[in-house]
Amino acid sequence: TGEIVDVPDAYFAKYPVTNKLYRSFIVWLEAKAASKLLSAFNTELDAIANDNRWGKDFGAHFNNGKSDFATLFRSRYDEDRKYDGEDQPVVGVTWYAARAYCLWLSLLEGDKRLYCLPDEMEWEWAAGGKQGTTGQEVRRYPWSEAKGGPNSALANYNKDIGTTTPVGNYPDGVTPEGLYDMAGNVWEWMQNWYDKDNEWPALRGSAYYSDKADALRCSSRLINDPWFYLDLVGFRVIRSSPFSS
């Protein structure tokens with residue numbers, strides 16, 4: 001039997017972060033307008049680099065690029081026509097860039113801890129949901145069990161299309177709770193480390209290039225170097241409290 005773990009409340013974005021949303025972050029960095037927000041962003045990143053909060057290698061990454069954050073954090077596929085559509089998920093961003101984006105979003109609302117990447121337990125609970133008489137079991141795949149295993153109507157995978165698709169293009173594969181692209185399209189960076197040595201962040205969700213149905217299971221995991229930027233990897237954000245209405 002698996003271990004039962006309490007998962008705190010987390011409010012998931014409906015879609016992975018798109019190029020359009022991510023570019024607003026890069027445009028802000030390029031402007032370099034003197035402001036309290038920019039000062040807070042620089043100060044917090046400097047503190048993160050000094051205390052190894054994002055791992056022992058972030059300091060070098062930060063110090064090599066802090067004179068030009070826009071270049072440091074820009075998607076490496078931002079001008080690649082295969083991946084650059086406004087509504088396609090942003091890819092080609094490092095784990096550090098994804099976390100910097102979350103920090104920026106948080107500071108925009110005056111709380112540096114408001115947005116973050118999900119950890120694996122939060123992500124799997126969101127992907128698998130609750131079912132069964134006890135409400136403790138999770139689905140094998142993000143969509144309802146009645147729809148069966150993966151197919152081309154439920155997810156972008158198996159190289160069927162050969163690139164990412166605009167978020168929300170697979171409404172049949174949405175979770176019963178309303179989350180899109182939790183399987184296929186892009187692997188998503190997780191907040192937590194995969195390994196005990198804190199060298200490899202975890203990934204969840206699978207991608208358009210995944211050719212095995214098992215990769216789309218809610219329990220499937222992958223690792224990547226935090227420095228790497230791949231056309232298979234994007235991210236989704238969560239927040240610690242709901243939006244006020």
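This is a predicted model: local features need pLDDT of at least 70, side-chain atom pairs count only at pLDDT 80 or more; totals for chains, interfaces and linings use all residues.
**Helix α1**

- The buried residues of α1 are N19, Y22, F25, I26 and L29.
- These residues lie on the same side of α1, because they cover an arc of only 120° around the axis.
- An α-helix has 3.6 residues a turn, so residues three or four places apart point the same way.
- The exposed residues V27 and A31 sit on the face of α1 that is turned away from its buried side.
- Against which helices do the buried residues of α1 pack? Their packing partners are α2, α4 and α5.
- Just after α1 comes K32, which takes a positive phi of about 50°.

- Helix α2 runs over residues 36-51 and has 16 residues.
- From its first C-alpha to its last, α2 reaches 22 Å, close to the 22 Å expected at 1.5 Å a residue.
- Six names make up the buried set of α2: L38, F41, E44, L45, I48 and A49.
- Seen down the axis of α2, the buried residues fall within an arc of 140°, so they line one face of the helix.
- Which exposed residues does the face of α2 turned away from its buried side carry? That face carries K36, T43 and N50.
- The cover over the buried residues of α2 includes α1 (19-31), α3 (58-65), α4 (69-73) and α5 (95-108).
- N52 follows α2 and has a positive phi, near 60°.

**Where α2 meets α3**

- The axes of α2 and α3 come within 8 Å and cross at roughly 140°.
- The two helices are therefore oblique to each other; angles over 145 degrees would count as roughly antiparallel.
- Is the crossing of α2 and α3 left-handed or right-handed? The crossing is left-handed.
- On the α2 side, the contact is made by L45, D46, I48 and A49, and on the α3 side by F58, G59 and F62.
- Among these α2 residues, L45, I48 and A49 are buried.

**Where α2 meets α5**

- The axes of α2 and α5 come within 10 Å, and they cross at roughly 140°.
- That angle makes α2 oblique to α5.
- In passing α5, α2 forms a right-handed crossing.
- Helix α2 contributes L37, A40, F41, E44 and L45 to this contact, while α5 contributes A100, L103, W104, L107 and L108.
- L45 of α2 takes part in the contact with α3 and also in the contact with α5.

**Loop residue G168**

- Where is G168 found? G168 is in the loop between α6 (120-128) and β3 (187-193).
- G168 counts as partly exposed because its relative accessibility is 22%, whereas buried means under 20%.
- G168 and K14 are 154 residues apart along the chain, yet their C-alpha atoms are separated by 8.7 Å.
- Not counting residues up to four places away in sequence, G168 touches Y15, Y180 and D181.

Key. Residues are numbered from 1 along each chain as its sequence is written. Side-chain values use heavy atoms; hydrogens and water are left out. Helices (H or I, at least four residues) and strands (E, at least two) are DSSP runs, numbered from the N terminus. Buried means under 20% relative accessible area, exposed over 50%, partly exposed in between (1.4 Å probe, protein chains only). Contact means heavy atoms within 4.5 Å. The expected span of a helix is 1.5 Å times one less than its number of residues. The arc is that of the directions from the helix axis to the C-beta atoms. Axes are lines fitted to C-alpha atoms, for helices over the stretch in contact, and angles run from 0 to 180 degrees between N-to-C directions. Angles under 35 degrees count as roughly parallel, over 145 as roughly antiparallel, 65 to 115 as roughly perpendicular and the rest as oblique. A crossing is left-handed if the near helix is turned anticlockwise from the far one by less than a right angle, and right-handed if clockwise.
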